[in-house]
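Open the model in your viewer and keep the selection tool ready.

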Amino acid sequence: MTAHTTGVPLRAKPRNRPISEARGTRTRSALRFWPQYVSIAPFYLLFVVFGAFPIVFSIVISFTDWDGMGRMTFVGLKQYQYLLGDARFWQSVSNTFIIWIISTIPMLFIALVVAFLLHQNIRLKSFYRVALFIPNVTSMVAIALVFGSVFSDQFGLANAFLKWIGGSNAGVAWLTDPWGIKITIALMVIWRFTGYNAIIYLAGLQAISSEIYDSARVDGAGTWRIFSRITIPMLRPVILFTVITSTIGGLSLFTEPQVLLGNTGGTNNAGSTIVLYQYYQAFQNFDFGYGSAIAWALFVLVLLFAIINWRLVSGRKEDEFGRALPGPIGRWRQRNTAKKEAGR
Amino acid sequence: MAALSRRSLLTGAAGLGVLSLSAALSACSSPASISAGTDELTLWYWPRSMNPSALKDAAHGIPGTNKRLNAMTPANTNWDTRLRTSLAGNADVPDIVAINSNVSLYFFDEDMFVDMNKFGAQSFKSQYFDWKWSYGETPSGRMCFFPIDSGPTGFYYRADVFAKAGLPTDPDAVSAAVRTWPEWIELGKQLRAKTGSHLLINSTQLFNQIVNASPERYFNRAGDPLYTRPGSAIKDAWDIAVTAIKAGVLGNQQIATDQNAGWVTGKTAGHIEAVWWAQILLDTAPKTKGSWRLASQPVRAGNSGGSFLAIPHTCQDPEAAFKFITWSQTAARQAQAYNEVQLFPSTPAALTGGTMKDASHGFFGPQDSLAFFKTQAETVPSAFISPYEQIANYFTTEIANVEAGGKDPNRAWDDAVNETNQVLRKHGVNV
């Protein structure tokens, strides 16, 4: 027992110890490690106050009718019932998916190509890496203001350029046409996150052993064949990661349309995303009950898409990710695979 | 030794944590007013919403009370959310709070504010414009929101662009030429044909200003919707806006960048907005100084903007708070507020007192903007602004869809009515 004063986490205890003994000492050892518990406590205290409590409380609010200051009335599932029949909500869902698709696919493709190019032996490598990452750390509000000026319908730079090459009738209603709005928002997302994803891909590329490339070259494979048969398959876990993070980011799109178009999301609500609609209901109409219901609907959607993504990109049954999953789910999966193998 | 010192360090840290936690808890259980237990009354206002000299004087003591004023300007990124948060949490609530022209949003929770009639607010009523006073009275007849400034509207126009189009440029002549909305649209057509400039940025602005100048709005005091009734003021305003869109006199500028560029370049040669907009225009287009003029808008002037003072129910001394409010909003103080931060008075006596000086400094050429808005303020009608206007109103978004999205006006009207009714039903109104 004295060996444990070094503060090794409980989970890392040797597994071969009899279960009964571990259970008997559990409370006592928890007390023994109190300095360690105290030192990790600040994070958990803050998380309980500013993370867990609001999350749980928003479930409670979603079952009530509340304007943010007066009396809370319990209304049961009425907010969710209203949500199902609310055309504006479903329009926000479709807006979000359209913007997500027209931003994520080109973004990840460009990022992959950029990463592949950066991985080659070129000059000024670090300069390019920094330059690509800078959009990601720029203030979103500043970006939206600049984009608002560039894509402004009547006085914008983009339309001035189009008129210069295409005559005075050329030009797109970037910020009033329903498709113009979606494309402008997608362009903002692409501009901001391509560099970030490229850096992640680059890290993935660097992890691939050069011996594999060398042997492929020896066997006579060309660049495209190496890219499609070695780079892409080896990058599969990294691609999965970027797809999932862009899905979560894309489904929770908010700042871009809000700063660019205001709380209603512009003409025909074409830029109203789910989170913007949630914000509009909670902080403009002060309908916090409904705002919370929208938030939980979004949670279900994100969960659904994370699962679909995972299935699509991981594909095969014997994928790597189940084993890599932390905590109880990972252990459960490990046990399942072990059972299956034993059954064979 | 090392282990011991580490342990004592941890014990110290843990002790500090417990201390700060208990301090935070005790703060939670203290009375809700920010200034509880002091001789101060705390006021929340945003810059340029109150008379600075009055605040300075009250900091030494509010006349007639034993309290001093502590004026705070909290970050106002979202003023209403901030106020709601403290009222909902019943903690850190100011004793007096400024609220913008959207006061009706608080009518649903009027019991969270002190009824100033308890302290004889009625005896002050005759000193203020009827229309401004009535905005602050709740449907149940409580007086919870005391007038600060007001926002009579007018028709701003570029005299130089009008001259180029061969239109009248003198304020009186322009006022006479646009007595009705069809006349105004006709003027806009001529302007458009000769110079390519628009009269106004977009249909939402036009629609809102017509409603702001109407004695009848969306709902009556009982909460019944009026817009579906035949000949309703809202439908009239809608039809005028649709005609203006079709006549091409509006700029279809939905984004601030376009709007600002329009005023700077003269592509937009007019605007309909309240007295305070002059300052915004001055900041946006300083080079157009001297070429703007003010004319009466068609039919009559409306009110746009203008804020109020309220006393939250947690106030530790509501009577002293009310004394501060009436003391800071006398005619003399309001005149001073205009001279210092261009807050247009809500009491007519301030306008006739002769101490106010025109703040436009030649922005409107030789025209006296103060005299102009003084006459406009007399024509503003009293109207009831319902809290439902704030939470169930799809008319302004739908009129923008007609203008920017080319939506069929009839379909847009039906959609606006249906969407508004749908939200009303959600809030338990029978429509």
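Two strands count as paired if DSSP finds at least two bridges between them. Keep in mind that this model is predicted.

**Stop 1: a sheet in chain B.** Select B:Tyr156. Opposite B:Tyr156 stands B:Leu294, in β7(B). Now widen the selection to strand β5 of chain B, residues 153-158. β5(B) pairs with β7(B) over four bridges, in the antiparallel sense.

**Stop 2: the cores.** Next, select B:Ile96, B:Phe207, B:Ala241, B:Ala310, B:Ala321 and B:Phe324. In the largest nonpolar core, of 124 residues, these touch the most other members. Then show helix α9 of chain B, residues 233-247: its seven residues are the largest share of this core. Another core lies apart, with 45 residues, including A:Ile99 and A:Tyr277.

**Stop 3: where the chains touch.** How many residues does each chain bring to the contact? Chain A gives 24 residues and chain B gives 24 residues. On chain B, select α1 (2-29), α3 (79-89), α10 (256-265) and α17 (395-405); each supplies at least two residues of the side touching chain A. The largest share of that side, five residues, comes from α17(B). Colour that side of chain B by class: 11 residues are nonpolar, eight polar and five charged.

Technical notes
Residues numbered from 1 in each chain as written. Chains lettered and ligands numbered in written order. Predicted model: local features only at pLDDT ≥ 70, side-chain atom pairs only at ≥ 80, totals over all residues. Core = buried A, V, L, I, M, F, W, Y, C linked by C-beta atoms within 7 Å. Buried ≥ 20, exposed ≤ 12 C-beta atoms within 10 Å, placed from the backbone. Contact = placed C-beta atoms within 7 Å. Nonpolar A, V, L, I, M, F, W, Y, C, P; charged D, E, K, R; others polar.
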